[in-house]
Amino acid sequence: MVAGKTREERWSLAGVTALVTGGSKGIGHAIVEELAEFGARVHTCSRNAAELEACRQRWEEKGLQVTVSVCDVSVPADRESLMATVKANFGGKLDILVNNAGQSLFKLAAESTSDDYTRIMATNLESCFHLSQLAHPLLLASGIGGSVVHISSIAGFIGLPALAIYSMTKGAMNQLTRSLATEWAHDGIRVNCIAPGGVKTDISSDKTIDPELVKKEMARVPMGRIAEPEEVASMVAFLCMPAASYMTGQVICIDGGRTIT
Ligand SMILES: NC(=O)c1ccc[n+]([C@@H]2O[C@H](COP(=O)([O-])OP(=O)(O)OC[C@H]3O[C@@H](n4cnc5c(N)ncnc54)[C@H](OP(=O)(O)O)[C@@H]3O)[C@@H](O)[C@H]2O)c1
């Protein structure tokens, strides 16, 4: 609730706690920095210990409060131990969960294997559902109302070739957002989702993407460019602030206008 809060308090994350998955690179890295720069204490994870430690050191030098641990979000036992670490770090409560870690797969549906299906489903969708479940008691313990943000994709709304499995996970994350928002509103937990279009990261520079498809796609983006990771991170910060206290169950496209063409 915002009643009685000053503007400064409504647009702040001072003192709140956050878990952001996949913070060593790309969009997740920008989200960690944005939340921490607004005053949050953040925990993040990825599969690469050396990269995570290098990030942690850079964040420490900038005066940001960020802790890290290795976790493969596609592995249920890793998800359990990630949440146990978060619980211990933040004194049994959590204010913000950002389900960002994800992988793409540019492959025709007819050529995709059952291993492809299992890996992408576990990494993008099952992790999002299970981490939300595991975080629920910690979000309930948040004295200020918890906030969950999923990072899906416009691929969950529109048909794109060679992205069937990936797009299925993102479409399901959009629906999971609405389902959890409905179930958890009475717990004071808001659940929203951001669906980016192309963002400048390792995923969008993947050499397996057909260059012709990229050209065609870019021609359909009114703003004529892809996003910087920071342009996604700013929306995550807003959704987690008291300023967004009446927003829940929404899927917000950050796509330079791609989905309106
Ligand atoms: N870039 C785009 O154009 C775009 C567009 C729409 C949506 N998205 C979504 O945005 C999210 C972030 O993507 P990005 O572009 O920032 O990708 P990225 O640059 O490849 O970064 C992905 C991050 O997630 C981590 N990660 C990947 N698999 C993981 C796993 N199994 N367990 C734990 N961490 C894992 C990576 O670290 P490790 O690999 O070292 O584990 C890295 O920190 C994804 O959900 C993606 O689908 C991206």
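Q: Is strand β1 (residues 17–21) largely enclosed by the rest of the structure or exposed, and how many of its residues are buried?
A: In this predicted model, a residue counts as buried when its relative accessible area is under 20%. Strand β1 is largely enclosed by the rest of the structure, because the buried residues in it number 5 of the 5.

Q: Which residues of β1 are buried on each of its two sides?
A: In a regular strand, the side chains alternate between the two faces of the sheet. Both faces of β1 are covered, with buried residues Thr17, Leu19 and Thr21 on one side, and on the other Ala18 and Val20.

Q: Which residue of strand β2 stands opposite Ala18?
A: Strand β2, which spans residues 41–46, pairs with β1 in the parallel sense over 5 bridges. Within β2, the residue opposite Ala18 is Val42.

Q: Which residue of strand β4 is the bridge partner of Val20?
A: β1 also pairs with strand β4 (residues 96–99), again in the parallel sense, over 3 bridges. In β4, the bridge partner of Val20 is Val98.

Q: How are helices α2 and α8 oriented to each other?
A: Two packed helices are described by the angle between their axes and the distance between the axes. Helix α2 packs against helix α8 (residues 229–240) with axes 8 Å apart and at an angle of about 50°, and the crossing of α2 past α8 is right-handed. The two helices, α2 and α8, are therefore oblique.

Terms used: Residues numbered from 1 in each chain as written. Predicted model: local features only at pLDDT ≥ 70, side-chain atom pairs only at ≥ 80, totals over all residues. Heavy atoms only, no water. Buried < 20%, exposed > 50% of the residue type's maximum accessible area, 1.4 Å probe, protein only. Helix = DSSP H or I, 4+ residues; strand = E, 2+ residues; numbered from the N terminus. Pairing = 2+ DSSP bridges. Axes fitted to C-alpha atoms, helices over the stretch in contact; angles between N-to-C directions. Parallel < 35°, antiparallel > 145°, perpendicular 65-115°, else oblique. Left-handed = near helix turned anticlockwise from the far one by under 90°.
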